[in-house]
Amino acid sequence: MDKEISFTEGPVFSSLVRFALPVFGALILQAAYGAVDLLVVGWFGSAASIAAVGTGSAFMQMVTFVITSLAMGSTVVIGHHVGAKDKDMAGSAVGTSMILFLIIGIVLTVVLELSADAVASLMRVPEASHDMAVGYIRICSAGIIVIIAYNVISSILRGVGDANLPLLFVAVACVVNMIGDFLLVGYFKMDASGAAYATVAAQGVSVIVSLFALKKRKLDIAFDRKKLRLDKIGIKRILSVGVPIALQETMVQISFLVLNSIVNGMGLMPSAGYGVAQKIVSFIMLLPSSLMQSVSAFSAQNIGAGLRERAKKGLKTAIACGCSLGTLFFLLGFFLGGAMSSLFTSDKEVIDQSALFLKGFSPECILTCVLFSLIGFFNGSGRSVPVMVQGMGSAFLIRIPLALIFSRLEDSSLFLIGLATPVTTVCGIVFLICCFIRYKRLKMI
C-alpha cells in the first residue's frame, strides 16, 4: 500500500476506505488518552476524582478540537495544491502552517494557564472536585504546544494523502500515556494531576517520534527551511478556511461545556455519570469524525484537480458507509450503555446515570455520520462559512435551550439531556442540505 493516497484516480470507495481506516485508528487511540485517564482514576480514585478528570478533559478536548479545526485550513489548502500538482505552493503552505501554529501555541499557553480557575468555576465543577480540575487543566495547558505540534504535523500529512504516519505517532503516545497513568496515578497516587502529567508526556514523546520520522520520510512537496516563514497569501488562504471551521467547533464545544455545567448543577452523581458517558461518546463519535477528515481531504484534492463530480460521489459514498456502521454504534449505546459504563467505575449509581445519558444520545450515532460527511465536503470545498453558521446556530439556538428546558423539568434526567444532541443534529443536516442544493444551483460546488 502506498503511504500517500491519490484521491483523484481509481475507485472512490477504496480510496476513501484506505484513507479513513488509519484516520479512524488514530482517532481511537487519541480518544484512549482521556479514556485511560478516567479509567485509571476511576479504579484508584473517588467520584470526586472522576468528576474532576471528566470536566477537565472535556475542556482540554474542546481546545484540541478547536486546534484541529483550525489546522483543517492547512489540510484543505495543501490538498488543493497537491491536487493541482503544485509542489512549490504546497511546500510554502507547510512552512506557513508551522510558524503560524507556533505563535498560536505560545498565546494559548499563557491564556489557559491564567484562566484555569475561572474555567472550572464557569463549568460549575462540584466543590469536592474543583481544585483537582484546576490542576488538571493547568498541567495540560502547559503542554499545549506539543498538542498543537502533533495536530499540525498530522494535518499536513493528511493534506498530502498520508494517514498512516499520524496513526503511528498516536499509537506511540497512547502506550506512553497508559504506562504513565498506571505509574503516576496507580503507584504514586497522584490522582487527577498524575493523569494530566501522563497525557502531556505522551504527546511530547509523540512529537519527538514524528520529527524523527519526518526526517526520513520524503513528502511529495517542495519544502525546505527557507519556506519556514509567514506568507501573507498562504496565511489568508489557511485562515479563510480554518477560522470558520474553528469558530464552528468552538461554539459546538462551548455548547457541550454548557451541557457539562448544567449536569454539574444536578449533583455529584449525575456529574460523574456524565463524565463517564462522555468518554464512551468520544469513542462512538470517532466514526463520523474519521468520515469528516477523510471527506475533507478527498474533496480538497479532487476540487484542486477540477474533479467536482468525483468529490460529490465521495460525499455520497461516505454517508452510505457511515450510516451503515453508525447503526451498530446506536444499538450499543441504546442497549449496552450500562455494560460499557461499568468498565470505568464500579459505582452502580454512576453507571446508571451514564447509561441514561447514552440511551438518549444514541440516535446521534447515525445522524452525525450524515452531518459530519456534509461538513467534510463543505470544508474540503473551501466553503466553510455554512459549516460555521450551522455549528453556531445549532449550539446556541437549539442544543443549549433544549438542555436548559429539559434540566428544569420536574422529572428531568440525563436521558433528556442526551436527547438534546440528536435533535440538534437533525436541524443541522436540514440546513446543510439546503446550502448544498443552493450552491449546486449556483454552480459553486
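Asp88 comes out as partly exposed, because its relative accessibility is 43% and that class sits between buried (under 20% relative accessible area) and exposed (over 50%), worked out with a 1.4 Å probe on protein chains only. Its side chain meets that of Lys227 in a salt bridge, 3.1 Å from N to O. Lys227 itself is buried, at 15% relative accessible area. The two partners are 139 residues apart: Asp88 belongs to helix H3 (residues 87–122), while Lys227 lies in the loop between helix H7 (191–216) and helix H8 (232–264). Helices here are DSSP runs of H or I with at least four residues, numbered from the N terminus.

A word on the ground rules. This is a predicted model, where local features need pLDDT of at least 70, side-chain atom pairs count only at pLDDT 80 or more, and totals for chains, interfaces and linings use all residues. Residues are numbered from 1 along each chain as its sequence is written, and side-chain values use heavy atoms, with hydrogens and water left out.

Back to the charges. The whole structure has four salt bridges, each being a side-chain nitrogen of Lys or Arg within 4 Å of a carboxyl oxygen of Asp or Glu. Here are three of them, by pair.

| Salt bridge | N to O distance |
|---|---|
| Lys227 and Asp88 | 3.1 Å |
| Arg229 and Asp231 | 3.9 Å |
| Glu309 and Lys312 | 3.2 Å |

Glu309 and Lys312 are about one helical turn from each other, because they sit three residues apart in helix H11 (residues 308–335). Glu309 is exposed, with 56% relative accessible area, whereas Lys312 is buried, at 7%. Arg229, at 45% relative accessibility, counts as partly exposed.

Now for the nonpolar side. A nonpolar core is a set of buried Ala, Val, Leu, Ile, Met, Phe, Trp, Tyr and Cys residues joined through side-chain atoms within 4.5 Å. The largest one has 103 residues, and the members touching the most others are Phe59, Ile144, Phe357 and Ile417. Helix H2 is its top contributor, with 15 residues. Apart from this core lies another, of 12 residues, including Phe7, Val12, Val23 and Ala31.

What does Ile417 touch, once residues up to four places away in sequence are set aside? Its partners are Leu259, Ile262, Val263, Met266, Phe357, Ala403, Phe406 and Ser407, with contact taken as heavy atoms within 4.5 Å.

Then there are the holes. The structure holds three cavities of 30 Å³ or more. A cavity is a set of points, on a 1 Å grid over the protein atoms alone, where a 1.4 Å probe fits but cannot get out; lining residues have an atom within 4 Å of a point. Grid points are joined across faces, edges and corners, and a volume is the space filled by probe spheres set on the points.

The second largest cavity has about 70 Å³ of space. Among the residues lining it are Gly54, Gln61, Asn260, Tyr274 and Lys279. Helix H2 (47–83) and helix H9 (268–284) each supply at least two lining residues, and H9 gives the most, with five. By class, this lining has two nonpolar, seven polar and one charged residues. In that scheme Ala, Val, Leu, Ile, Met, Phe, Trp, Tyr, Cys and Pro are nonpolar, Asp, Glu, Lys and Arg are charged, and the others, Gly among them, are polar.

Last stop: Ser6, in the segment before helix H1 (12–44). Ser6 is partly exposed, at 31% relative accessibility. Beyond its neighbours within four places in sequence, Ser6 is in contact with Ser15 and Gln301.

Methods: On a 1 Å grid over the protein atoms alone, a cavity is a set of points where a 1.4 Å probe fits but cannot get out, and a pocket is an open set with protein on both sides within 12 Å along at least five of seven lines; lining residues have an atom within 4 Å of a point.
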